[in-house]
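Please open the model in a viewer and keep the sequence beside it.

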Amino acid sequence: MNLSTEPETIGDLIADCAHLPSTLQPEPAAEQARLPRPRAARPWTVDDACHAQVADLDAYV
């Protein structure tokens with residue numbers, strides 16, 4: 001990766017975007033720490049206010 005020039009290929013762009021400065025990289029102990037398990041997502045519902053926003057959608061289509 002070259003920080004002084006613009007990326008010339010998609011691979012260079014990905015490498016530039018994926019590069020993390022050493023000050024932002026996690027501590028070695030943090031990598032080994034156990035993370036909490038993700039919670040299950042709440043069910044998604046549509047309330048009347050949300051439905052009213054798109055009630056006339058067929059008129060635009």
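**Confidence and helices**

Begin by colouring the protein chain by pLDDT, the predictor's confidence in each residue, from 0 to 100. Helix α2 (residues 28-32) has the lowest confidence in the protein chain, with a mean of 57, whereas α1 has the highest, at 83. Over the protein chain the mean pLDDT is 76, and 75% of the residues reach 70 or more.

This is a predicted model, in which local features need pLDDT of at least 70 and side-chain atom pairs count only at pLDDT 80 or more, while totals for chains, interfaces and linings use all residues. Residues are numbered from 1 along each chain as its sequence is written, and side-chain values use heavy atoms, with hydrogens and water left out.

Next, display the cartoon: the protein chain has four helices and zero strands. Helices (H or I, at least four residues) and strands (E, at least two) are DSSP runs, numbered from the N terminus.

**The surface**

Now show the surface of the protein chain, which exposes about 6600 Å²; carbon and sulfur atoms supply 56% of this area. Accessible areas come from the Shrake-Rupley method with a 1.4 Å probe; for residues, only the protein chains shown count as cover. Buried residues (under 20% relative accessible area; exposed is over 50%, partly exposed in between, with a 1.4 Å probe and protein chains only) make up 0% of the 61 residues.

Select L13, which lies in helix α1 (residues 10-18). L13 counts as partly exposed because its relative accessibility is 37%.

**The cysteines**

Finally, select C17 and then C50. C17 is exposed, at 61% relative accessible area, whereas C50 is partly exposed, at 33%. How many disulfides does the structure hold? The structure holds zero disulfides, a disulfide being a pair of cysteine sulfur atoms within 2.5 Å.
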